[in-house]
Amino acid sequence: MHGANLGTLLRTCDAVGACLTVPRFSWVPEALERGNTLRRPACVHWTGDPVGWLERQRERGLRVVGVELADEAVRLADLPAARTPTVMVLGHEQHGIPPEALDLLDEVVEIPMVGTGASLNVAVAGSLALYKLAGLL
């Protein structure tokens, strides 16, 4: 939603040894550059069809974890570290993960919040979940 968040998330991906897959939207290259302070190129994959890309990852046998508020969600503290190749799906800060992508999730994780906000920005939420999946928290 805000320009620097995607580049910040890219830095977190680099910190935990992950790649970032992003849609080919016109605003994405600038958003990646805006928050990215890495001195070397980071691992970024581009897709014109995010849902199709996600379907292909599932077909390859990858575990797909979404960060979303849902009845069946596990708390972030209870999320086990990834022991097999895993894809983490993040949605829009206001609208969440699109329904067509929700159907492709193997599990859903939520980040507990005690304040009045409904969600964290995508860079913060993604960073917390990435560190947990990487076994670094």
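In what order do the four strands of the open sheet stand, and is their pairing parallel or antiparallel? The order is β4-β6-β3-β5, and the pairing is parallel; strands pair if DSSP finds at least two bridges between them, and both helices (H or I, at least four residues) and strands (E, at least two) are DSSP runs, numbered from the N terminus. The model is a predicted one, in which local features need pLDDT of at least 70 and side-chain atom pairs count only at pLDDT 80 or more, while totals for chains, interfaces and linings use all residues. Residues are numbered from 1 along each chain as its sequence is written, and side-chain values use heavy atoms, leaving out hydrogens and water.

At the edges of the sheet stand β4 (74-75) and β5 (86-90); each has a single partner strand, so one side of each is left without a neighbour in the sheet. Five bridges join β5 in the parallel sense to strand β3 (residues 63-67), and Arg63 is found opposite Thr86 of β5. Helix α3 (residues 50-59) packs on the sheet and touches β3 and β5, contact being heavy atoms within 4.5 Å.

Turning to a loop, Asn36 lies between α2 (28-35) and β2 (44-47). With 25% relative accessibility, Asn36 is partly exposed, a class between buried (under 20% relative accessible area) and exposed (over 50%), computed with a 1.4 Å probe and protein chains only. Beyond its neighbours within four places in sequence, Asn36 contacts Gly7, Leu10 and Arg11. The C-alpha atoms of Asn36 and Leu9 are 8.4 Å from each other, although 27 residues separate the two along the chain.

Note on methods. Axes are lines fitted to C-alpha atoms, for helices over the stretch in contact, and angles run from 0 to 180 degrees between N-to-C directions.
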